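Colleague: I am new to this structure and would like to go through it with you. Could you show it to me before I ask anything?

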Amino acid sequence: MVDKKAIMLGLVLILPFAFLGMTFLKAEGNSEKPIIVCTTNVVGSIVQEIVGDLAHVVVLVQPSLCPADFDMKPSDVYAVSKAKVLFKQNIPGEFWLQSLLEAAGNKNLTQVIVSGVYNTPEGAKNYIQLVGGNLSRILGVNFDAKISEMLGEVDSVHNWIKSQAQALHVSSVKVICMNWLKTFVESVGFTVVATYNPPETLSAADIDNLIKTARNEGVALIIDNLQIDVEFGRGIASQVGAEHVILTNFPGAIPGTESLARMLRFNAGQLFNATITWRATANLKAEMESLENQVSILQITTIVAVTIAIVEAVLLYAERSRH
């Protein structure tokens, strides 16, 4: 007797692969494009910009997520099984990759490691050169012109960041940031007085120390990492009178951050705007306190003057009464 439940379960497992296979084969059949899989959009954004329509680029971890939160899907296994190249960063958050590679069983897959700092202008240029060089070698296409264009865009953003940072004197601005943003924030020129790991790993004592440090140091900005938590820093900022800032560590998570160069510009812009706001708020508070002090002095002076006038009037009245 045929087990209907087993048949249904088999269909559930097979149909997604069959559908995905038809989709990819259709794409490959129409254009014979190679499939390039990237673990994150850090490398994925570079690959996509360099190859354009020459390849089908698949990014496994969506840019709004932390790589550690990646949830493997049948389409990911299929993409890797048919891919020509895999770009990976070898970061701790890619702990799931080995299981994915084993499930895909692609013996012809070329794996390229692109590791190190990427969220600074210098790091972004290193990534672009490494990814571009490997793509040229593996695909047999000269991408030098595109690589130069992308490096030029990063240099342009870097020059803008330096000029803005100098104009705002950001070296005098103290900040606290999520640990994985420290390298970028310091590269812009801000002074990082403390960092914090993912909030779920912090104790009450850790949080209390952050608040004390922020108050003692006169911290201006509390900076969260979009892919980790966007509310933790807000709570500290509200207690210490600092501005809350959210930066993204992966291109494409926010409109206008589709490439590393644009992400750097966006993140630096967020820091500069928050600095301007913090200073304006601090100046306004100082003016308010000054006005309040002036009003208090005026009130005291008025009371004293009235008191003196009353006393003098009483004395004058008494003097006239004696005569």
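What follows is a set of questions and answers on this structure.

Colleague: What kind of model is this, and how are its residues numbered?

Modeller: This is a predicted model, in which local features need pLDDT of at least 70 and side-chain atom pairs count only at pLDDT 80 or more, while totals for chains, interfaces and linings use all residues. Side-chain values use heavy atoms, with hydrogens and water left out, and residues are numbered from 1 along each chain as its sequence is written.

Colleague: How many helices and strands does the protein chain have?

Modeller: Helices (H or I, at least four residues) and strands (E, at least two) are DSSP runs, numbered from the N terminus. On that basis the protein chain has 10 helices and 8 strands.

Colleague: What percentage of the residues in the protein chain is buried?

Modeller: Buried means under 20% relative accessible area, exposed over 50%, and partly exposed in between (1.4 Å probe, protein chains only). Of the 323 residues in the protein chain, the buried share is 39%.

Colleague: Which residues touch the most other members of the largest nonpolar core?

Modeller: A nonpolar core is a set of buried Ala, Val, Leu, Ile, Met, Phe, Trp, Tyr and Cys residues joined through side-chain atoms within 4.5 Å. In soluble globular proteins, nonpolar side chains tend to be buried together. The largest core here has 69 residues, and those touching the most other members are Phe87, Val185, Phe190, Ile223 and Leu271.

Colleague: Which residues is valine 185 in contact with, leaving aside its neighbours within four places in sequence?

Modeller: Contact means heavy atoms within 4.5 Å. With those neighbours left aside, valine 185 is in contact with Val175, Cys177, Phe190, Val192, Ile223, Leu247 and Leu271.

Colleague: How do helix α8 and helix α9 cross, and what is the hand of the crossing?

Modeller: Axes are lines fitted to C-alpha atoms, for helices over the stretch in contact, and angles run from 0 to 180 degrees between N-to-C directions. The axes of α8 (residues 204-217) and α9 (residues 232-240) come within 10 Å and cross at roughly 45°. Angles under 35 degrees count as roughly parallel, over 145 as roughly antiparallel, 65 to 115 as roughly perpendicular and the rest as oblique, so α8 and α9 are oblique to each other. A crossing is left-handed if the near helix is turned anticlockwise from the far one by less than a right angle, and right-handed if clockwise; that of α8 and α9 is right-handed.

Colleague: Which residues make the contact between α8 and α9, and how do they divide by type?

Modeller: From α8 come Ile207, Leu210, Ile211, Ala214 and Arg215, and from α9 come Phe232, Ile236, Gln239 and Val240. Ala, Val, Leu, Ile, Met, Phe, Trp, Tyr, Cys and Pro count as nonpolar, Asp, Glu, Lys and Arg as charged, and the others, Gly among them, as polar. The residues of this contact divide into 7 nonpolar, 1 polar and 1 charged.

Colleague: What about α2 and α6: how do their axes cross, and how do the contact residues divide?

Modeller: The axes of α2 (residues 41-51) and α6 (residues 144-168) come within 9 Å and cross at roughly 130°. That angle makes α2 oblique to α6. Ile46, Glu49 and Ile50 of α2 meet Lys146, Ile147, Met150 and Glu153 of α6. These residues divide into 4 nonpolar, no polar and 3 charged.

Colleague: Is lysine 125 buried or exposed?

Modeller: Lysine 125 lies in helix α5 (residues 121-139). Not counting residues up to four places away in sequence, lysine 125 touches Leu151, Val154 and Asp155. Its relative accessibility is 18%, so lysine 125 counts as buried.

Colleague: Where is proline 251, and what is its relative accessible area?

Modeller: Proline 251 sits in the loop between β8 (243-247) and α10 (260-322). Among the residues in contact with proline 251 are Asn41, Pro63 and Met263. Proline 251 is buried, and its relative accessible area is 0%.

Colleague: Is histidine 169 buried or exposed?

Modeller: Histidine 169 lies in the loop between α6 and β5 (174-178). Although not a glycine, histidine 169 has a positive phi of about 50°. With 54% relative accessibility, histidine 169 counts as exposed.
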